[in-house]
Each structure stands twice: as structure tokens, then as C-alpha cells.
Amino acid sequence: MKLVIFDVDGTLVDSQAQILRSMGLAFDGLGMVPPDREAVLGIVGLSLPQAMARLVPGADEGLLGNLVQGYKNSFQIQISDGPAPLFPGALDALQALASRDDLRLGVATGKSRRGLDHLLNAHGLTGLFVTTQVADDHPSKPHPSMVLTAMQQAGVAPENTVMIGDTTFDIDMGLAAQARAIGVSWGYHPATDLRHADAVINTFAELDATLAWIWGQA
């Protein structure tokens, strides 16, 4: 049995508009100058406390907590207008992989359980994943806890597991769990930063062949 674990933001869905808007509102609400777009997209994938700590180095826990809560409140407003869109080819790729008898799907995301459940429900993806790991239950990426737990729940060994994501946090997390890793070039970290992955793909159409190559089936 094989296991393919997907990151969400920047890999399956293009949520940057919601993230940037929510971050801006969180900082505005405290009278602070919001970080620029590059800085915000650079922390996508981290759990919120770690993300805020990177954006505001040296800030005390009280300020970081207020920024986290402000972001959460703003993000709930953003998603009430509708879910972030799936990237082209994501739905077809997920459905094709989910139909295979030799493979299971999982998620490892910096989202909360509430946020992930809302997104999966909105896109009709509930039921495709046998394991879903969220920031509520684990140390922040790139700690391997999410991938290790996903493998345990799915009953799949590291050598038969692939982590797919758009950030260095995703790749480092997968490799730290002794799994393989595939980067995607359409996300929020430059593709050149993902060169330590086993492979980097440019479209979902390349995924099947890349998985086959990784598992030596080509």
C-alpha cells in the first residue's frame, strides 16, 4: 500500500488572497503596519504562532496571541464569502488517486481542524482522505509529527509514502519523517527553493508519472 500526503494552501488550493487579506486586517486591527506580500507568503504552512513570531521577531507572547486571534477572526470572515479555489487539475488528480486500490490519500496542513473541514466540505472532498493532520494537534511544520502520524494511521511505511507541497516546510517535514517528497512549482515558495525534494512538478498532469518514477514503477 502507498500513501500520498498533500499540503493544502498553495498546493491544492490558491488561498493567497484570503491569507493576505486576513493578515493585513490582523495587523491593521492592532495599529501595526502589515508585512509585505513576500513575507506573508513565505510563512504559509507554518502554524499561526510560529508564523507570527517570524513576521514580528522579538514580539512578546501577548502581542503574538492578539495577532493570531485577529488573523483567525479575519479569516473566518474571508471564507464566509466562499472557499479558496482549487488549483487547475487538483480535483481530477485527487479523484484519480483516490480510485486506486493500491494507494491512500492524506492531508498535512497548517490549517486548523475547523478550517480544513470547511474547505473539504465546500469542495466536496470529504471522504477522499484516510488521514488528515492539522495544526491543532501537532508541532508546526517542518517537524515530522504530521507525516509520522499520517503514516501510522494509514498503516504505510515511510518508503511507500510521499509528501507533496509547495513550501520548504512541507519538503523538510516529509524528508524528516524518512518519506519521499515532491514539490509543486505553482505555490508560495519559489520552485528553486524546493530543489532538495525528490522531484518538482509544474502541473498536476505530471503527478502520476512522477509518483511512478519515485516508487520505481516507471
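This is a predicted model: local features need pLDDT of at least 70, side-chain atom pairs count only at pLDDT 80 or more; totals for chains, interfaces and linings use all residues.
Within it, the ring centres of Trp 186 and Phe 204 lie 4.7 Å apart with their planes at 40°, so the pair is classed as tilted. Because Trp 186 is placed in the loop between S5 and strand S6 (199-201), and Phe 204 in the loop between S6 and helix H9 (207-214), the pair ties together parts that are 18 residues apart in sequence. Trp 186 counts as buried at 18% relative accessibility, the cut-off being under 20%, and Phe 204 is likewise buried, with a relative accessible area of 7%.

In total, 3 aromatic pairs are counted. One of them joins Tyr 71 and Phe 75, whose ring centres are 5.7 Å apart and whose planes meet at 15°, so this pair is stacked. Both residues belong to helix H4 (residues 61-80), where a spacing of 4 residues separates them by about one helical turn. Tyr 71 is buried, at 9% relative accessible area, as is Phe 75, at 11%.

Strand S4 (residues 161-165) is mostly covered, with 5 of its 5 residues buried; Thr 161, Met 163 and Gly 165 point one way from the strand, whereas Val 162 and Ile 164 point the other way. S4 runs parallel to strand S1 (residues 2-6), to which 4 bridges join it, and Leu 3 stands opposite Thr 161. A further 4 bridges join S4 to strand S5 (residues 180-184), again in parallel, with Gly 165 opposite Gly 183. From S4 the chain passes through helix H8 (residues 168-176) to S5, forming a right-handed β-α-β crossover.

Methods: Residues are numbered from 1 along each chain as its sequence is written. Side-chain values use heavy atoms; hydrogens and water are left out. Buried means under 20% relative accessible area, exposed over 50%, partly exposed in between (1.4 Å probe, protein chains only). Helices (H or I, at least four residues) and strands (E, at least two) are DSSP runs, numbered from the N terminus. Two strands pair if DSSP finds at least two bridges between them. A crossover is right-handed if, with the strands pointing away from the viewer, the path from the first strand over the helix to the second runs clockwise. Rings of Phe, Tyr and Trp (its six-membered ring) pair if their centres lie within 6.5 Å; planes under 30 degrees apart count as stacked, over 60 as edge-to-face and the rest as tilted.
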